[in-house]
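Dear colleague,

Please read the notes alongside the coordinates.

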Amino acid sequence: MDIEKLKTKLGGLLVEDDPAIVRKKSRDFYWYSPVLKRELDHVTGDIVVSPTTEAEVVQAIAAAFEADVPATPRGSGTGNYGQAMPLAGGMVLSLSGLNDITHIGPGTVVSGAGALLGKIDAATRAHSGQELRMFPSTHRTASIGGFIAGGSGGVGSIRWGGLRNIGNVIRLRVVTMEANPRVLDLTGDDIGKIAHAYGTNGIITECEMPLGPSYDWIDVIVGFENMERATTFADRLGNEDGILLKELSVMAPGVAHDYFPGHGKFVRRDQAAVLIMVAPHSVSALQAFTQRHSGEMLFRTDRLSEDDRRALPPLFELTWNHTTLVARRVDPAITYLQTLYPYPQHLEAVARMGTLIGSEMMDHLEFIRFDGRIVCSGLPLIRFTTEERLDEIVRLFEANGCLVFNPHRYTLEEGGMKRSDLGQLAFKRENDPKGLLNPGKMIAWDDPDFDFKSERKYLFSGSSPG
Ligand code: FAD
């Protein structure tokens, strides 16, 4: 790795090598996990390069290739698996400057990979009353490129599934890490080669995403006396074809009351809370459906004054991994898991895990479409004690048929389906022959014989983990 040689090839680009700035731009929300905090706290790049055009991305990548400098792409750094952290040092390639929105048409928007999701949505709404089908709860701060490369789904997944579902990303432009970088246009099945690959096999410079009609979604909270009634209601509501929802989540008793700064006052401590974003034309149907299930409508933004509505954050900023964020602000000892309950026994599995783990866990469910069916994923809040206990809880979930996308690991495979994606590996071999892109995140590249059944944790040898 020859940083000085790299610098000689970066003429005309924005380059930062002040250690404090580089360290800041080498971090994401890895600290949600006490394990990653211990292992990655020391990680920093050597230099940050911030291209503003695709041509500048090509220049930076060609220079890194020639100087054998690892390159870790970065959007807004809101990932929370350490995805954007440069384990082997080198160049942090900040794509936030590629943020133009270049085309909006019926059902489609094209933007630079660094464009913020909230900015894209605002532009499409103003242009033609359209909105992104789905977004992470980090809507205001995260980039579209980072969402596709490091995210999975979020607000809108109750209707559209996840980014992994074909059709939820239309087209990507990608720069390869070679002596003469190529620029590829990917569509259809090729998108899966680079989506959710943590930037290990190409740099996304442009994204084309599908849009739906935009609504002034109404935020609603419905209360129930226990978790079982709340999850049954949410599961049935998610299956109601005539009610248009954008978000559907369930918080165990205590979570909303104790951790939600503005909305907590609307929910009693002993109530389980169902958080809903509903289209205005569906709100009367939701009200009738809620009465049918003896739910208590505790909060709805269409009944608030404009000032009261403006004084509160959007409800979606209390869902997905924002739930963990607001809970940690009250109790920093809280961490979390990311799970998928097994359809069609998902509700039984939720009840069983609640009994098995008890007060160490405060449940938080996100209802989503998953391969055409309504199921619940979980981001349970976990009271952290020891890493060994955390691993035990992960094994308990897995022993009970729940998939765990382990957020206490920084590799694609351990944070995913515990197996290598051979399509993404092949794409890396083609596009990043020296293995310079985001080293240490794809086990299949570093250690093809790694045995995922061994339960051994993978630690990248290219950096000195804590
Ligand atoms: P970064 O963190 O900068 O990068 C993410 C990954 O993508 C890294 O591996 C990085 O190397 C790679 N990458 C970034 N840009 C590019 C590019 N142009 N080309 C190639 N690779 C690239 N995630 C969800 O899916 N759903 C949620 O609802 C959600 N809620 C969250 C709530 C909170 C409070 C927090 C802290 C995180 C949440 N996340 C969620 C995780 C994260 O916010 C999202 O995945 C977000 O979209 C990541 O975007 P980013 O720009 O911050 O990416």
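In what follows, contact means heavy atoms within 4.5 Å, while helices (H or I, at least four residues) and strands (E, at least two) are DSSP runs numbered from the N terminus. This is a predicted model, in which local features need pLDDT of at least 70 and side-chain atom pairs count only at pLDDT 80 or more, whereas totals for chains, interfaces and linings use all residues. Residues are numbered from 1 along each chain as its sequence is written, and side-chain values use heavy atoms, with hydrogens and water left out.

I begin with helix α12 (320–330), where nine of the eleven residues are buried (under 20% relative accessible area, with a 1.4 Å probe and protein chains only). Among these buried residues are Trp320, His322 and Arg328. The elements that cover the buried residues of α12 include the strands β12 (245–251), β15 (334–336), β18 (364–370), β19 (373–378) and β20 (381–383), together with the helix α9 (255–259).

The ligand is surrounded by 38 residues (each with a heavy atom within 4 Å of it), of which Pro73, Gly75, Thr78, Ser143 and Gly153 are the closest. At least two residues of this shell come from each of β3 (71–74), α6 (144–150), β10 (203–213) and α12, and α6 gives the largest share, with five residues. Domain 1 (101–214) and domain 2 (218–404), whose bounds come from an automatic or database domain assignment, each contribute at least three residues to the shell. By residue class, the shell holds 15 nonpolar residues, 22 polar ones and one charged one, with Gly counted as polar.

Finally, glutamate 131 lies in strand β7 (residues 130–132) and is buried, with a relative accessible area of 4%. The side chain of glutamate 131 makes a polar contact of 2.8 Å with the side chain of lysine 246. Not counting residues up to four places away in sequence, glutamate 131 also touches residues including Asp121, Arg125, Pro210 and Trp217.

With best regards

How values were computed: Buried < 20%, exposed > 50% of the residue type's maximum accessible area, 1.4 Å probe, protein only. Polar contact = N/O pair within 3.5 Å; in protein donor to acceptor, adjacent residues only side chain to side chain.
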